[in-house]
Amino acid sequence: MTDLFSKFDPLIEQRETLLSTGLTDPFNLVMERVESPTVAICNGRRTILLGTYNYMGMTFDADVIAAGKKALDEFGSGTTGSRVLNGTYAGHRAVEQALKDFYAMDHAMVFSTGYQANLGIISTIAGKDDYVVLDIDSHASIYDGCALGNAQIVAFRHNDIEALEKRLKRIPEGAGKLVVLEGVYSMLGDVAPLKEMVAVSKANGAMVLVDEAHSMGFIGEHGRGVAEAQGVIDQVDFIIGTFSKSVGTVGGFCVSNHPKFEILRLVCRPYVFTASLPPSVVATAATSIRKLMETTDKRAHLWENSKRLHAGLRQLGFTLGTSEPQSAIIAVIMPDLEMGAAMWEALLKEGLYVNLARPPATPAGMTLLRCSLCAEHSGDQVDEILAMFGAAGRATGCI
Amino acid sequence: MDQSDETFDRVMALIEPFNKKGVAVTAATRFQQDLEWDSLTVLDFVASIEDEFDIIITMNMQAEIETVGQLVDAVRGLTEK
(Lines give C-alpha, C1' and ligand atoms only; values in the text may rest on other atoms or scores of the structure.)
Protein backbone atom coordinates (compact mmCIF):
# COMPACT_ATOMS: atom_id res chain seq x y z
CA MET A 1 0.00 0.00 0.00
CA THR A 2 1.29 3.46 -0.89
CA ASP A 3 1.01 5.72 2.13
CA LEU A 4 -0.90 8.74 0.89
CA PHE A 5 0.78 10.78 3.60
CA SER A 6 4.32 10.31 2.26
CA LYS A 7 3.90 13.51 0.24
CA PHE A 8 3.94 15.43 3.53
CA ASP A 9 7.28 13.99 4.65
CA PRO A 10 9.41 17.04 3.77
CA LEU A 11 7.11 19.30 5.80
CA ILE A 12 7.00 16.87 8.72
CA GLU A 13 10.78 16.75 8.69
CA GLN A 14 11.13 20.55 8.55
CA ARG A 15 8.79 20.91 11.53
CA GLU A 16 10.59 18.25 13.54
CA THR A 17 13.95 19.89 12.90
CA LEU A 18 12.64 23.26 14.00
CA LEU A 19 10.86 21.97 17.11
CA SER A 20 13.78 19.70 18.15
CA THR A 21 15.65 22.87 19.13
CA GLY A 22 13.12 23.24 21.96
CA LEU A 23 11.24 26.03 20.24
CA THR A 24 7.53 26.60 21.03
CA ASP A 25 5.38 25.53 18.08
CA PRO A 26 4.20 28.81 16.52
CA PHE A 27 1.23 27.09 14.88
CA ASN A 28 -0.15 25.45 18.00
CA LEU A 29 -0.78 28.29 20.41
CA VAL A 30 -3.79 28.11 22.69
CA MET A 31 -5.52 31.18 24.08
CA GLU A 32 -6.59 29.95 27.51
CA ARG A 33 -8.63 33.03 28.32
CA VAL A 34 -9.45 36.15 26.37
CA GLU A 35 -9.78 39.31 28.44
CA SER A 36 -10.45 41.88 25.75
CA PRO A 37 -9.82 42.52 22.05
CA THR A 38 -6.18 43.23 22.90
CA VAL A 39 -5.29 40.90 25.81
CA ALA A 40 -5.43 37.12 26.29
CA ILE A 41 -3.87 34.55 28.61
CA CYS A 42 -1.47 32.23 26.73
CA ASN A 43 0.59 29.59 28.59
CA GLY A 44 -0.70 31.13 31.83
CA ARG A 45 0.74 34.50 30.88
CA ARG A 46 -0.94 37.81 30.14
CA THR A 47 -0.27 38.47 26.47
CA ILE A 48 -0.91 41.54 24.32
CA LEU A 49 -2.59 40.49 21.09
CA LEU A 50 -0.96 42.02 18.01
CA GLY A 51 -1.79 39.24 15.59
CA THR A 52 -5.58 39.21 15.34
CA TYR A 53 -7.81 40.76 12.69
CA ASN A 54 -9.84 42.45 15.36
CA TYR A 55 -9.11 45.85 13.80
CA MET A 56 -12.04 47.70 15.32
CA GLY A 57 -12.13 45.77 18.59
CA MET A 58 -15.81 44.82 18.21
CA THR A 59 -15.55 41.32 19.77
CA PHE A 60 -16.33 42.58 23.28
CA ASP A 61 -18.64 45.44 22.37
CA ALA A 62 -21.54 45.40 24.86
CA ASP A 63 -24.25 45.96 22.23
CA VAL A 64 -22.79 43.27 19.97
CA ILE A 65 -22.71 40.72 22.78
CA ALA A 66 -26.22 41.61 23.93
CA ALA A 67 -27.55 41.11 20.39
CA GLY A 68 -25.89 37.71 20.20
CA LYS A 69 -27.31 36.55 23.53
CA LYS A 70 -30.80 37.71 22.60
CA ALA A 71 -30.67 35.83 19.28
CA LEU A 72 -29.37 32.72 21.01
CA ASP A 73 -32.36 32.85 23.40
CA GLU A 74 -34.93 33.63 20.74
CA PHE A 75 -33.72 31.63 17.74
CA GLY A 76 -31.58 28.84 19.20
CA SER A 77 -28.01 27.78 18.68
CA GLY A 78 -28.08 26.99 14.95
CA THR A 79 -30.17 26.83 11.80
CA THR A 80 -29.28 23.26 10.76
CA GLY A 81 -29.89 24.14 7.15
CA SER A 82 -28.88 25.77 3.90
CA ARG A 83 -29.72 29.39 3.16
CA VAL A 84 -31.98 28.24 0.31
CA LEU A 85 -33.97 25.77 2.41
CA ASN A 86 -34.56 26.17 6.14
CA GLY A 87 -31.46 28.25 6.93
CA THR A 88 -32.64 31.81 6.28
CA TYR A 89 -33.95 33.43 9.47
CA ALA A 90 -34.98 37.04 10.01
CA GLY A 91 -31.42 37.67 11.25
CA HIS A 92 -29.85 36.62 7.94
CA ARG A 93 -32.06 39.08 6.09
CA ALA A 94 -31.28 41.75 8.68
CA VAL A 95 -27.53 41.38 8.32
CA GLU A 96 -27.84 41.53 4.52
CA GLN A 97 -29.82 44.75 4.92
CA ALA A 98 -27.11 46.12 7.24
CA LEU A 99 -24.53 45.37 4.53
CA LYS A 100 -26.63 47.05 1.84
CA ASP A 101 -26.88 50.12 4.06
CA PHE A 102 -23.20 50.06 4.98
CA TYR A 103 -22.01 49.87 1.35
CA ALA A 104 -24.97 51.75 -0.19
CA MET A 105 -25.43 48.88 -2.67
CA ASP A 106 -28.49 47.10 -4.01
CA HIS A 107 -27.61 43.50 -3.16
CA ALA A 108 -25.86 41.61 -0.39
CA MET A 109 -25.32 37.88 -0.07
CA VAL A 110 -23.99 36.37 3.15
CA PHE A 111 -21.85 33.22 3.17
CA SER A 112 -20.76 31.11 6.12
CA THR A 113 -17.13 32.34 5.86
CA GLY A 114 -15.15 34.89 3.88
CA TYR A 115 -13.26 32.03 2.28
CA GLN A 116 -16.52 30.65 0.96
CA ALA A 117 -17.55 34.05 -0.38
CA ASN A 118 -14.50 34.15 -2.68
CA LEU A 119 -14.79 30.47 -3.46
CA GLY A 120 -18.45 30.83 -4.37
CA ILE A 121 -18.52 34.09 -6.31
CA ILE A 122 -15.39 33.50 -8.40
CA SER A 123 -16.12 29.87 -9.26
CA THR A 124 -19.73 30.66 -10.17
CA ILE A 125 -19.48 33.81 -12.28
CA ALA A 126 -16.38 32.86 -14.28
CA GLY A 127 -17.25 29.97 -16.62
CA LYS A 128 -15.19 27.76 -18.88
CA ASP A 129 -14.34 30.23 -21.65
CA ASP A 130 -14.10 33.26 -19.37
CA TYR A 131 -10.85 34.69 -18.05
CA VAL A 132 -10.02 35.48 -14.44
CA VAL A 133 -7.13 37.93 -14.21
CA LEU A 134 -5.63 38.13 -10.75
CA ASP A 135 -2.72 39.55 -8.80
CA ILE A 136 -0.06 36.89 -8.11
CA ASP A 137 -0.18 37.72 -4.38
CA SER A 138 -3.93 36.99 -4.11
CA HIS A 139 -5.26 35.26 -1.02
CA ALA A 140 -5.64 31.46 -1.02
CA SER A 141 -9.44 31.78 -1.11
CA ILE A 142 -9.17 33.58 -4.47
CA TYR A 143 -6.89 30.90 -5.91
CA ASP A 144 -9.17 28.19 -4.53
CA GLY A 145 -12.17 29.95 -6.11
CA CYS A 146 -10.30 29.74 -9.42
CA ALA A 147 -9.48 26.07 -8.83
CA LEU A 148 -13.10 25.22 -8.00
CA GLY A 149 -14.31 26.84 -11.23
CA ASN A 150 -13.03 26.08 -14.69
CA ALA A 151 -12.22 29.50 -16.15
CA GLN A 152 -8.89 30.42 -17.74
CA ILE A 153 -6.64 31.89 -15.04
CA VAL A 154 -4.10 34.61 -15.75
CA ALA A 155 -1.84 36.07 -13.06
CA PHE A 156 0.07 39.34 -13.16
CA ARG A 157 2.89 40.74 -11.04
CA HIS A 158 1.81 42.21 -7.71
CA ASN A 159 0.26 45.69 -8.03
CA ASP A 160 1.70 46.09 -11.56
CA ILE A 161 -0.79 48.19 -13.54
CA GLU A 162 1.00 47.77 -16.86
CA ALA A 163 1.22 43.98 -16.45
CA LEU A 164 -2.54 43.86 -15.82
CA GLU A 165 -3.26 46.00 -18.88
CA LYS A 166 -1.04 43.95 -21.19
CA ARG A 167 -2.79 40.73 -20.20
CA LEU A 168 -6.26 42.20 -20.56
CA LYS A 169 -5.41 43.35 -24.08
CA ARG A 170 -4.24 39.86 -25.09
CA ILE A 171 -7.44 38.09 -24.02
CA PRO A 172 -9.40 36.92 -27.08
CA GLU A 173 -12.10 39.26 -28.35
CA GLY A 174 -15.51 38.55 -26.86
CA ALA A 175 -14.33 36.42 -23.91
CA GLY A 176 -15.78 37.26 -20.48
CA LYS A 177 -13.25 38.89 -18.16
CA LEU A 178 -13.16 39.13 -14.37
CA VAL A 179 -10.34 41.09 -12.74
CA VAL A 180 -9.82 40.08 -9.10
CA LEU A 181 -8.03 42.54 -6.82
CA GLU A 182 -7.62 43.10 -3.09
CA GLY A 183 -7.85 46.46 -1.34
CA VAL A 184 -5.23 45.61 1.29
CA TYR A 185 -2.90 42.66 0.72
CA SER A 186 -2.76 40.98 4.09
CA MET A 187 0.80 39.71 4.12
CA LEU A 188 2.70 42.97 3.73
CA GLY A 189 -0.23 45.26 4.55
CA ASP A 190 0.17 47.20 1.30
CA VAL A 191 -2.67 48.78 -0.63
CA ALA A 192 -3.51 48.23 -4.32
CA PRO A 193 -3.52 51.08 -6.86
CA LEU A 194 -7.23 50.47 -7.39
CA LYS A 195 -7.90 53.79 -9.08
CA GLU A 196 -5.62 52.93 -12.00
CA MET A 197 -6.37 49.20 -12.02
CA VAL A 198 -10.14 49.60 -12.05
CA ALA A 199 -9.82 52.18 -14.85
CA VAL A 200 -7.64 49.84 -16.93
CA SER A 201 -10.03 46.92 -16.28
CA LYS A 202 -13.09 48.90 -17.29
CA ALA A 203 -11.36 50.30 -20.41
CA ASN A 204 -10.77 46.69 -21.47
CA GLY A 205 -14.32 45.51 -20.83
CA ALA A 206 -13.69 43.51 -17.66
CA MET A 207 -15.88 43.16 -14.59
CA VAL A 208 -14.03 43.89 -11.36
CA LEU A 209 -14.16 42.11 -8.01
CA VAL A 210 -12.33 43.65 -5.05
CA ASP A 211 -11.72 41.78 -1.80
CA GLU A 212 -11.87 44.39 0.96
CA ALA A 213 -11.50 41.96 3.88
CA HIS A 214 -8.68 43.94 5.52
CA SER A 215 -10.04 47.46 5.01
CA MET A 216 -13.67 47.34 6.13
CA GLY A 217 -14.58 49.76 8.86
CA PHE A 218 -11.57 52.06 8.78
CA ILE A 219 -10.39 52.78 5.20
CA GLY A 220 -12.48 55.18 3.09
CA GLU A 221 -14.84 57.92 4.19
CA HIS A 222 -17.57 55.47 5.22
CA GLY A 223 -15.21 52.59 6.00
CA ARG A 224 -16.14 50.85 2.76
CA GLY A 225 -12.54 50.15 1.87
CA VAL A 226 -9.71 51.07 -0.46
CA ALA A 227 -12.01 51.34 -3.51
CA GLU A 228 -13.95 54.03 -1.67
CA ALA A 229 -10.80 55.79 -0.49
CA GLN A 230 -9.51 55.92 -4.06
CA GLY A 231 -12.85 57.08 -5.48
CA VAL A 232 -13.63 54.05 -7.67
CA ILE A 233 -16.17 52.10 -5.60
CA ASP A 234 -18.95 52.96 -8.09
CA GLN A 235 -17.08 51.13 -10.84
CA VAL A 236 -16.40 47.99 -8.82
CA ASP A 237 -18.88 45.23 -9.73
CA PHE A 238 -18.43 43.01 -6.69
CA ILE A 239 -16.99 43.68 -3.24
CA ILE A 240 -16.09 40.66 -1.14
CA GLY A 241 -15.81 41.02 2.60
CA THR A 242 -15.78 39.14 5.85
CA PHE A 243 -17.28 39.29 9.34
CA SER A 244 -14.15 37.74 10.86
CA LYS A 245 -12.04 40.89 10.90
CA SER A 246 -13.40 44.36 11.72
CA VAL A 247 -16.93 43.03 12.26
CA GLY A 248 -15.58 40.68 14.95
CA THR A 249 -17.39 37.39 14.34
CA VAL A 250 -17.37 34.92 11.44
CA GLY A 251 -18.98 34.90 7.99
CA GLY A 252 -18.40 36.29 4.52
CA PHE A 253 -20.30 38.36 2.00
CA CYS A 254 -20.52 39.83 -1.45
CA VAL A 255 -22.21 43.17 -2.18
CA SER A 256 -23.04 44.34 -5.69
CA ASN A 257 -25.28 46.55 -7.82
CA HIS A 258 -25.54 43.98 -10.60
CA PRO A 259 -29.23 43.80 -11.59
CA LYS A 260 -29.17 39.98 -11.89
CA PHE A 261 -27.19 39.42 -8.69
CA GLU A 262 -29.91 37.53 -6.78
CA ILE A 263 -29.75 34.55 -9.15
CA LEU A 264 -26.44 33.64 -7.51
CA ARG A 265 -28.39 32.35 -4.52
CA LEU A 266 -29.55 29.44 -6.64
CA VAL A 267 -26.41 28.66 -8.63
CA CYS A 268 -23.54 29.30 -6.23
CA ARG A 269 -22.60 25.95 -4.72
CA PRO A 270 -20.57 27.17 -1.69
CA TYR A 271 -23.70 29.18 -0.78
CA VAL A 272 -26.26 26.44 -1.38
CA PHE A 273 -24.53 23.31 -0.12
CA THR A 274 -23.52 24.39 3.35
CA ALA A 275 -25.30 25.31 6.56
CA SER A 276 -26.07 28.98 7.16
CA LEU A 277 -24.56 30.98 10.00
CA PRO A 278 -26.05 30.55 13.49
CA PRO A 279 -28.62 33.20 14.52
CA SER A 280 -26.32 34.60 17.23
CA VAL A 281 -23.56 35.15 14.68
CA VAL A 282 -25.69 37.08 12.22
CA ALA A 283 -27.18 39.12 15.07
CA THR A 284 -23.72 40.11 16.36
CA ALA A 285 -22.60 40.88 12.79
CA ALA A 286 -25.60 43.10 12.00
CA THR A 287 -25.16 45.05 15.24
CA SER A 288 -21.43 45.42 14.69
CA ILE A 289 -21.82 46.56 11.05
CA ARG A 290 -24.33 49.23 12.04
CA LYS A 291 -21.99 50.46 14.79
CA LEU A 292 -19.05 50.52 12.35
CA MET A 293 -20.93 53.15 10.35
CA GLU A 294 -20.35 55.65 13.16
CA THR A 295 -16.86 55.06 14.49
CA THR A 296 -14.85 58.00 13.23
CA ASP A 297 -12.88 58.41 16.48
CA LYS A 298 -11.90 54.75 16.64
CA ARG A 299 -10.78 54.85 13.01
CA ALA A 300 -8.55 57.83 13.71
CA HIS A 301 -7.04 56.10 16.73
CA LEU A 302 -6.35 52.92 14.73
CA TRP A 303 -4.44 54.97 12.16
CA GLU A 304 -2.52 56.68 14.93
CA ASN A 305 -1.54 53.26 16.34
CA SER A 306 -0.46 52.05 12.93
CA LYS A 307 1.75 55.10 12.33
CA ARG A 308 3.25 54.92 15.79
CA LEU A 309 4.13 51.22 15.55
CA HIS A 310 5.55 51.60 12.04
CA ALA A 311 7.78 54.52 13.01
CA GLY A 312 8.89 52.81 16.25
CA LEU A 313 9.80 49.49 14.63
CA ARG A 314 11.74 51.28 11.94
CA GLN A 315 13.63 53.25 14.53
CA LEU A 316 14.55 50.00 16.30
CA GLY A 317 16.14 48.83 13.06
CA PHE A 318 13.60 46.29 11.77
CA THR A 319 12.91 45.87 8.06
CA LEU A 320 9.24 46.46 7.29
CA GLY A 321 6.98 45.36 4.44
CA THR A 322 6.00 48.90 3.45
CA SER A 323 7.98 52.15 3.57
CA GLU A 324 5.02 53.94 5.17
CA PRO A 325 2.00 52.55 7.05
CA GLN A 326 -0.76 51.85 4.49
CA SER A 327 -3.19 49.82 6.62
CA ALA A 328 -3.58 48.31 10.09
CA ILE A 329 -1.05 45.59 9.17
CA ILE A 330 2.65 46.17 9.75
CA ALA A 331 4.80 43.29 8.49
CA VAL A 332 8.28 42.82 9.96
CA ILE A 333 10.47 40.97 7.46
CA MET A 334 12.63 38.22 8.97
CA PRO A 335 15.82 36.97 7.29
CA ASP A 336 14.69 33.32 7.46
CA LEU A 337 12.25 30.90 9.13
CA GLU A 338 14.68 30.03 11.96
CA MET A 339 15.14 33.67 12.97
CA GLY A 340 11.42 34.29 12.49
CA ALA A 341 10.50 31.42 14.80
CA ALA A 342 13.10 32.49 17.38
CA MET A 343 11.83 36.09 17.35
CA TRP A 344 8.24 34.89 17.55
CA GLU A 345 9.05 32.83 20.63
CA ALA A 346 11.06 35.61 22.25
CA LEU A 347 8.14 38.01 21.75
CA LEU A 348 5.71 35.49 23.24
CA LYS A 349 7.95 35.19 26.30
CA GLU A 350 7.91 38.97 26.56
CA GLY A 351 4.11 38.77 26.52
CA LEU A 352 3.32 39.68 22.92
CA TYR A 353 1.52 37.62 20.30
CA VAL A 354 2.14 38.34 16.60
CA ASN A 355 1.51 36.15 13.54
CA LEU A 356 4.41 34.16 12.19
CA ALA A 357 3.70 34.02 8.46
CA ARG A 358 5.67 31.80 6.10
CA PRO A 359 5.44 30.35 2.60
CA PRO A 360 3.13 29.47 0.88
CA ALA A 361 1.06 32.21 2.57
CA THR A 362 3.75 34.84 2.02
CA PRO A 363 5.04 36.30 -1.27
CA ALA A 364 8.56 35.55 -2.55
CA GLY A 365 9.30 32.94 0.12
CA MET A 366 9.42 35.53 2.89
CA THR A 367 9.12 34.86 6.62
CA LEU A 368 7.16 37.62 8.33
CA LEU A 369 6.20 38.66 11.81
CA ARG A 370 2.88 40.16 10.99
CA CYS A 371 1.49 42.73 13.38
CA SER A 372 -2.11 43.84 13.09
CA LEU A 373 -3.30 46.72 15.18
CA CYS A 374 -6.60 47.21 16.90
CA ALA A 375 -8.46 50.45 17.53
CA GLU A 376 -8.60 49.31 21.16
CA HIS A 377 -4.81 49.19 21.59
CA SER A 378 -3.94 52.13 23.83
CA GLY A 379 -1.02 54.39 23.09
CA ASP A 380 0.67 52.91 26.18
CA GLN A 381 0.20 49.40 24.80
CA VAL A 382 1.89 50.43 21.56
CA ASP A 383 4.85 51.72 23.57
CA GLU A 384 4.91 48.46 25.53
CA ILE A 385 4.84 46.53 22.25
CA LEU A 386 7.82 48.50 20.94
CA ALA A 387 9.79 47.82 24.11
CA MET A 388 9.09 44.09 23.72
CA PHE A 389 10.22 44.15 20.10
CA GLY A 390 13.41 45.89 21.19
CA ALA A 391 14.14 43.32 23.91
CA ALA A 392 13.29 40.30 21.72
CA GLY A 393 15.26 41.69 18.79
CA ARG A 394 18.36 42.16 20.91
CA ALA A 395 17.97 38.77 22.63
CA THR A 396 17.81 36.92 19.30
CA GLY A 397 20.40 39.06 17.54
CA CYS A 398 17.81 40.17 15.02
CA ILE A 399 18.65 43.86 15.46
CA MET B 1 14.41 14.71 -31.11
CA ASP B 2 15.59 17.85 -32.84
CA GLN B 3 13.40 20.73 -31.75
CA SER B 4 15.50 23.59 -33.01
CA ASP B 5 13.68 26.24 -34.90
CA GLU B 6 13.20 29.97 -34.44
CA THR B 7 10.66 29.57 -31.59
CA PHE B 8 12.96 27.18 -29.74
CA ASP B 9 15.91 29.57 -30.07
CA ARG B 10 13.88 32.54 -28.87
CA VAL B 11 12.60 30.59 -25.83
CA MET B 12 16.15 29.43 -25.03
CA ALA B 13 17.41 33.02 -25.21
CA LEU B 14 14.71 34.10 -22.73
CA ILE B 15 15.58 31.30 -20.30
CA GLU B 16 19.21 32.41 -20.07
CA PRO B 17 18.79 35.52 -17.87
CA PHE B 18 16.80 33.40 -15.37
CA ASN B 19 19.24 30.46 -15.47
CA LYS B 20 21.12 31.59 -12.37
CA LYS B 21 22.49 28.12 -11.68
CA GLY B 22 24.05 27.86 -15.13
CA VAL B 23 22.24 24.60 -15.95
CA ALA B 24 22.90 23.23 -19.46
CA VAL B 25 19.41 23.62 -20.93
CA THR B 26 17.88 21.21 -23.44
CA ALA B 27 14.31 20.49 -24.52
CA ALA B 28 14.10 17.92 -21.70
CA THR B 29 15.11 20.36 -18.95
CA ARG B 30 12.41 20.68 -16.29
CA PHE B 31 11.67 24.16 -14.92
CA GLN B 32 10.94 23.19 -11.35
CA GLN B 33 13.27 20.28 -10.69
CA ASP B 34 16.25 21.13 -12.91
CA LEU B 35 16.23 24.92 -13.02
CA GLU B 36 14.78 25.12 -9.48
CA TRP B 37 12.70 28.18 -10.23
CA ASP B 38 10.41 29.52 -7.53
CA SER B 39 6.94 30.90 -8.25
CA LEU B 40 8.11 34.50 -8.62
CA THR B 41 10.81 33.52 -11.12
CA VAL B 42 8.23 31.51 -13.06
CA LEU B 43 5.91 34.52 -13.12
CA ASP B 44 8.63 36.83 -14.46
CA PHE B 45 9.80 34.27 -16.99
CA VAL B 46 6.27 33.59 -18.23
CA ALA B 47 5.74 37.35 -18.54
CA SER B 48 8.85 37.67 -20.69
CA ILE B 49 7.69 34.82 -22.95
CA GLU B 50 4.22 36.38 -23.18
CA ASP B 51 5.68 39.77 -24.10
CA GLU B 52 8.10 38.27 -26.66
CA PHE B 53 5.38 36.32 -28.50
CA ASP B 54 2.38 38.54 -27.63
CA ILE B 55 0.43 35.60 -26.16
CA ILE B 56 -1.16 34.57 -22.87
CA ILE B 57 0.00 31.40 -21.17
CA THR B 58 -2.76 30.82 -18.62
CA MET B 59 -2.06 29.19 -15.26
CA ASN B 60 -4.20 26.30 -16.52
CA MET B 61 -1.67 25.76 -19.34
CA GLN B 62 1.33 26.36 -17.07
CA ALA B 63 0.17 23.53 -14.83
CA GLU B 64 0.62 21.15 -17.79
CA ILE B 65 4.05 22.42 -18.78
CA GLU B 66 7.00 20.76 -17.07
CA THR B 67 9.83 20.94 -19.60
CA VAL B 68 11.36 23.44 -22.00
CA GLY B 69 10.18 21.30 -24.93
CA GLN B 70 6.58 21.37 -23.71
CA LEU B 71 6.76 25.14 -23.36
CA VAL B 72 8.09 25.52 -26.91
CA ASP B 73 5.24 23.34 -28.18
CA ALA B 74 2.71 25.44 -26.28
CA VAL B 75 4.16 28.67 -27.67
CA ARG B 76 4.05 27.23 -31.20
CA GLY B 77 0.40 26.29 -30.69
CA LEU B 78 -0.51 29.74 -29.42
CA THR B 79 1.34 31.65 -32.13
CA GLU B 80 -0.12 29.55 -34.96
CA LYS B 81 -3.67 30.49 -33.99
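Chain A splits into domain 1 (24-56 + 296-396) and domain 2 (61-292), with bounds that come from an automatic or database domain assignment. Before I go on: this is a predicted model, where local features need pLDDT of at least 70, side-chain atom pairs count only at pLDDT 80 or more, and totals for chains, interfaces and linings use all residues. Residues are numbered from 1 along each chain as its sequence is written, and chains are lettered from A and ligands numbered from 1 in the order in which they are written.

The C-alpha centres of the two domains of chain A are 27 Å apart. Their contact involves 19 residues of domain 1 and 20 residues of domain 2; residues are in contact if their C-beta atoms, placed from the backbone, lie within 7 Å. On the domain 1 side, helix 12 (296-316) and strand 13 (329-334) each supply at least two residues. Here helices (H or I, at least four residues) and strands (E, at least two) are DSSP runs, numbered from the N terminus. Strand 13 gives the most to that side, with three residues.

Next, a sheet in chain A. It is open, has four strands in the order 1-2-3-14, and its pairing is mixed; strands pair if DSSP finds at least two bridges between them. Strand 1 (31-36) and strand 14 (352-353) stand at the edges with a single partner strand each, so one side of each has no neighbour in the sheet. Strand 2 (residues 39-42) and strand 3 (residues 45-49) pair in the antiparallel sense over four bridges. A:Ile41 has A:Arg46, in strand 3, as its bridge partner.

Last, the contact between chains: ten residues come from chain B and twelve residues from chain A. Helix 2 of chain B gives the most to the chain B side, with three residues.

How values were computed. Contact = placed C-beta atoms within 7 Å.
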